[in-house]
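Dear colleague,

Please find below the structure that I am handing over to you, together with its sequence. My notes on what was found in it follow directly after.

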Amino acid sequence: MKVIVRHDKEEAEKVVADLIAGEVRTNPEIVMSLPTGSTPVGVFSELTRMHEEEGLDFSSVTCFNMDEYVGLGRDHAQSYYRFLRENLYERVGMSLENTFSPDACAANLGRAADDYSSLIKRAGGFDLTFLGIGRDGHISFNMPSDALHPLTHVERLSEAAVRDNARFFEDVSEVPTQAITIGMRNILESRRIVLLALGEAKAPVIARWLGSGLVTTWLPASFLWLHPDVTVVLDQGAASELR
C-alpha cells in the first residue's frame, strides 16, 4: 500500500486526478467505479480541466456507480447517478451508454443487485476503483458489521452514514436508509484502487486503519490491506493523527 500525503486538499485532489488521467491515457477503454459525495468533487473538476485544456479523452471510458440510494431514480436531485452525470460524465464528453448504475427502484432489489454484479462481470470487472472512506471506515456503502457481502447487494446504512449524508438533504429524515452497493469482492478484484481522504474529520479513521495493519469487518476499509495495488492519498488534515 502506497500512502501519499500532500499539504492541502487541492494538492491531494490533483494527485488523484493525475493518477486517474494516467490510467485513462494508458487504457482509453478503461472500466472504472467512481464515488460520489464531497470527496471526489475537486478531482472531477481537475479531470474536466484536463479534458478541456489537455484533450484528455473519456469517449471510450466505461463507468459504474458504486452505489445508489434505494428508491431514488436516476434523475432524482440526490441520486448518485445524476451526481456523476452532472459532475463528470457530461463535462468530459463521456458516452452515457457506457455509464451504469444499479436499479434502485426495482420491485425486486435483490435481483437488481444480482443483475448489476452480472453487468460488472460482463465488463471484465474494474480496472480502477476510486474510493472515499466514511468516518466509520465504510467503503462504498459496505457498513461495519459482523460480516460483509462479497458482491452487489442491498445494504442498510449505519446511523453515522445517514447523519453524514444528511447535509445533502433538507432534513435527516429525508435521507434514504438503504442503498444498493457493490461488495467487497467487486472492490478487491479491481486491478488498481485509489482512495482519497480529506480533512481532520477523517483523521481518526485513517489513523485507526493505517496505524493497525489489521483486517476486520468492523473496519471495511481494512480489507484494502489484502489488495496488491492500493494508493491512499491524504491531505494534512486527514493525516494529522498518523504516527
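**Findings**

S140 is found in the loop between β6 and β7; here helices (H or I, at least four residues) and strands (E, at least two) are DSSP runs, numbered from the N terminus. The model is a predicted one, in which local features need pLDDT of at least 70, side-chain atom pairs count only at pLDDT 80 or more, and totals for chains, interfaces and linings use all residues. Residues are numbered from 1 along each chain as its sequence is written, and side-chain values use heavy atoms, with hydrogens and water left out.

Although S140 is not a glycine, it has a positive phi of about 50 degrees. S140 counts as buried, at 8% relative accessibility; buried means under 20% relative accessible area, exposed over 50%, and partly exposed in between (1.4 Å probe, protein chains only). D146 lies in the loop between β6 (128–131) and β7, but D146 is exposed, with a relative accessible area of 65%. The C-alpha atoms of D146 and T39 are separated by 27 Å, and these residues are 107 apart along the chain.

The backbone oxygen of S145 is reached by the side chain of T217 at 2.6 Å. For such a polar contact, a pair of N or O atoms must lie within 3.5 Å; within protein, one must be able to donate a hydrogen and the other to accept it, and residues adjacent in sequence count only if both atoms are side-chain atoms. T217 itself lies in the loop between α7 (203–212) and β10. With a relative accessible area of 19%, T217 is buried.

**The sheet of 7 strands**

Strands of a sheet pair through backbone hydrogen bonds, either parallel or antiparallel. In this model, 7 strands form an open sheet with parallel pairing, in the order β1-β10-β9-β6-β2-β3-β5; two strands pair if DSSP finds at least two bridges between them. β1 (2–6) and β5 (99–100) are the edge strands, and each pairs on one side only.

β1 is joined by 5 bridges to strand β10 (residues 230–235), and the two run parallel. Within β10, L234 stands opposite V5. Likewise, 4 bridges join β2 to strand β3 (residues 62–65), and these strands run parallel. M32 has C63 in β3 opposite to it.

In a regular strand the side chains alternate between the two faces of the sheet. In strand β2 (residues 31–34), V31 and S33 point one way while M32 and L34 point the other way, and all are buried.

**The sheet of 3 strands**

There is also an open sheet of 3 strands, with the order β4-β8-β7 and antiparallel pairing. β4 (67–69) and β7 (153–156) stand at the edges with a single partner strand each, so one side of each is left without a neighbour in the sheet. From one strand to the next, the twist averages 30 degrees; the axes are lines fitted to C-alpha atoms, for helices over the stretch in contact, and angles run from 0 to 180 degrees between N-to-C directions.

β4 and strand β8 (residues 178–181) run antiparallel and are joined by 3 bridges. T181, in β8, is the bridge partner of D67. Strand β8 also holds A179, which counts as buried at 0% relative accessibility. The C-alpha atoms of A179 and F44, 135 residues apart along the chain, lie 23 Å from each other.

**Helix α3**

Helix α3 (residues 80–89) has 8 of its 10 residues buried, so it is largely enclosed by the rest of the structure. The buried residues in α3 are Y80, Y81, F83, L84, R85, N87, L88 and Y89. The N-terminal end of α3 is capped by S79, with a side-chain oxygen 3.0 Å from the backbone nitrogen of R82.

**The second largest pocket**

Which element gives the largest share of the lining of the second largest pocket? The answer is α4, with 5 residues. α4 (109–122) and α6 (184–188) are the elements that give two or more residues to this lining.

Yours sincerely
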